[in-house]
Amino acid sequence: MARAKGKKSAKKRTTKRKRGSSGESESLSPALLRARRVGLVVVVLAFGAGLWVAGWLLELDRIVVSRFEGRRFSVPSRVYAAPIVIYPGADWQRLDLAGWLTRMGYREQAEAGPLSVGSYRWLPGRLRVHLRGFDHPQLPEDDRKVEFRLEEGRVREIRDNRGAFVDVVALEPEPISSFFGSDREQRDLVEIEHVPDHLVAAIYAVEDRRFEEHHGIDPRRIVGAMLANLRAGGIRQGGSTLTQQLVKNFFLTPERTLRRKVTEAVMALTVEARYTKSQILEAYLNEIYMGRRGSTAIHGVGEASRFFFGKRVVDLALDESALLAAVIQSPNAMSPHRHSERARNRRNLVLDLMAAQGRVSPEEAETARARRISLASIALESGQDRYFLDELARQLPEVYDEDLLSVEGLRIYSTLDPMIQRAAVRALHDGLEGLEKRLAGSSKVETSEAEEQPPLQGCLLAMRPQTGEILAMVGGRDYATSQWNRCTLARRQVGSVFKPIVYAAALSPQSGPVVTLASSVPDEPLQVETRDGLWEPVNYDKEFRGPVLVRDALERSLNVPAARIGQAVGIGKVVEMARRLGIESGLPAVPSLALGTAEVSPLEIATVYSTFANGGLRPTPRSFIGLLDDRGVGQEQWPLEGSRRVLDPGTAFLTTSLLEGVVDRGTGVGIRARGLRGPIAGKTGTTDDEYDLWFVGFTPEIVAVVWLGYDEPRQIGVPSSRGALPIWADFLSEVTGERVRGVFARPAGVERIEIDPTSGARAMAGCPERRPEYFLEGTAPKLTCPRGATSRAGFFERLFGS
Amino acid sequence: MRRRSCWIWDVRRCDAVARLPRIGLLIPLACLVLGIGSGCSGLNLYDMRSVEEQPLTASAALGQTDSRRDASLRLVIAGLDDDAMGRPDRAIASYQRAVRVDATNPFAYLALARHHLEAGGSNEAGPFLDQARALFESEQRLGPAVDVWGVGLRAWIDREDGRDDLADERFEIARELSPEIWADERLSADELR
């Protein structure tokens, strides 16, 4: 009750006060009233502004938090080549060991003393290297010192730093290229624990000496900078702290406006309020712009350390740390590659500041000052490797899309062999240039008209037949002008390159076999009824030769015998064989298929010939082996897969033997003319009117396909033997040297018998000519030369085996 | 007379052959060997010699070809060591590097087949075994010393795939070739090493 009364009296008091107040206002002057209204508006506006500022601060805070706690950096995923393996006996010049050191940014250390990581020293007959450690999906390696003892172009032995023999050394895989986003920034993220103290000290000394003390902005530094600039009559010194620099790079544009500076200061305070100094410093070290390599921007001390010194941040020496700190202020003007004197002076200034601030001793600073700047060489990526990268991206599981690859900093380990890739790039480039010059010399087309036409294109693809690993891929003449990968995406008529598939179908026991290598096939006019009318194939030279043996027919790449064999075995069987061997493109089941009228990609052709080279086992083409995330943790692995048997070893061998004949005596003899020796098999292919030129060849260890043509098909003007073959030969010669290793050995179930090369009959004593030929067991000719002679082969075969 | 007999030898050695004092004895001896060979050609000599030959391990194959093969074999051996120590990822990487150095090294594929079988992957093992066989054959090294691996691993695949009759039959042959290795119907990394 008492409380209710109290409330009533209070209400009355309030009502009276309100009335009183109203009465006062009536008596106030208009000026006062106006002032009060203005005051009210000001209060409302101030409140509104306060709300707006609060909203702005919250928005800035949201931006800061989302950036810091999400993915802070877009790191392009990097693709690495397969590691080079060095062993005693290896040809170090062919493996390009010296070139590898340069490309990987190793530094030659001339002065005596222990080698630092990522450096090397040449001594008479010896090469000492302190190899960097590296990550790998399956077999990471620690850094180690090794000595290669060299003798006549070969590695005689390898020893470690204790003098013990080393069997094999896997070199760090070369980075081929990266999946850049639109900004083309490259960085190698570092964790603060792996950053040496002297690098942090150097950056503090020159960029922000009170970083550990201030809260994002440094009033003393701002005043100091203002005074310095006033004295200098222009802007000479900045007042930004590391936090402000980070904020500017992270969130803001480089414009010089008051608004931007205020925002920068507020965000710097927000960052400092929310995060530790250590987190801010780590972000700064990974973000800061450090210069350019070609069209790529280098960001962060991790990438800069590799770029300038070819080593990891953790391995930096004091003078190198000082140089990195020196570059930060103006990466282009202080670039040690372009302005070494300027860079050296600033490095020394950093060292002086460090000593003056007590961050290093004067002696340490002096020693570091005395060291000359030793930089790693700059290896610009070859644009031609991008074709391989595109194919790799296509083969990766769908989850690794373009967006993810450009930001996640994945490390993708590929099958590419850098030495073979360089040979492929060079052979195709030089071959196309040379061919165009020759064509221009003999062309009747006006020069101006010829210049308007798009250039002759080409593709060179190399594969390991046992595993399907793609060792090299150059999908066109110049990636900068055309990204169309002709090795994988183009479907072009294959011409005679298809014929071995027809022969394999006919030689296979599954088809009978329809022929043996000594069967006689008429090279005479042929007419075949088709749905589109009469088909009458002719040979390249429009001549007919009468009966020819199967081997001779393929060696000379005769069309009519191939067409007859295709008819004999049945086009359905030919299609089936092509599918088994690895062709997935559409194949028209028409008689002319036997002559290669189908349109197929070079990659499919490489698979077919790999199957021949691999004794009938078909590999699956593959371009990568594993993937690590940006912290080096394994995400995916694609270990080797075995090849599947799709053709019996005997038929694969017979086909290979035919293709060896092509190189030894037939249309591919230009290979031998170029001095290449050893087991080489191959086939030329020139389509009608010379629109497409092919050469596909293999050794026991490598298969390579060369295709040349125009994107809008038109006549090239030379046959394959003068266009594609020389490029193939140049490529192989660089990869293997003139002597090719290995052997195409005869498998069980194939016998070698002397035959009469004219009739194909078994050659007996008294036969005027003879040559050895291979047959599947039980398919050797029954007829003898001279006719009626008795075969004694059974006796000798039992005696010596087969 | 001496000159005429030389044509069956390498012609460049004719003079040396002619100087041999007991050539008269050597020719009948060679004929005797040939006669026995031809007479015995119908016998299955393969089975008779098999138990005499030692299995050709990766270590034993060192020094038989060239430096590349040796480097590749050393990587295979390193991989087998990793397999033996329970580090399958490292083992696979070593085998891959072995293939990289010498893609025609049959031991790399044998080791891969064994590795996959031990992990229960008979589907993966089969093609590697085919590859190893093709390469041994291309080097003309097929014979008991390497068949001991091939037959046994094939039997292991059969066992894994539930083809027990075939597995029994093949293991029996494998045990004839090497009872110690195949007594447990498993091939350890150390045994292939």
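How many residues of domain 3 of chain A are in contact with domain 4 of chain A? Before selecting them, note that this is a predicted model, in which local features need pLDDT of at least 70 and side-chain atom pairs count only at pLDDT 80 or more, while totals for chains, interfaces and linings use all residues. Residues are numbered from 1 along each chain as its sequence is written, and chains are lettered from A in the order in which they are written.

Start with chain A, where the domain assignment, whose bounds come from an automatic or database source, gives domain 1 (77-178), domain 2 (180-370), domain 3 (450-623 + 640-736) and domain 4 (750-800). Select domains 3 and 4 of chain A: 12 residues of domain 3 are in contact with nine residues of domain 4, contact being counted when C-beta atoms, placed from the backbone, lie within 7 Å. On the domain 3 side, the largest share, four residues, comes from helix α22 (residues 649-664) of chain A, helices being DSSP runs of H or I with at least four residues and strands runs of E with at least two.

Next, select helix α8 (residues 277-287) of chain A, whose buried residues include I280(A), E282(A) and Y284(A); buried means that 20 or more other C-beta atoms lie within 10 Å of a residue's own. The buried residues of α8(A) pack against β10 (185-187), α4 (197-207), α6 (242-251), α7 (258-274) and α9 (300-309) of chain A.

Finally, show chains A and B together, where the contact takes 34 residues from chain A and 32 residues from chain B. On the chain B side, α6(B) gives the largest share, 10 residues.

Terms used:
Two residues are in contact if their C-beta atoms, placed from the backbone, lie within 7 Å. A residue is buried if 20 or more other C-beta atoms lie within 10 Å of its own, exposed if 12 or fewer, and partly exposed in between; C-beta atoms are placed from the backbone.
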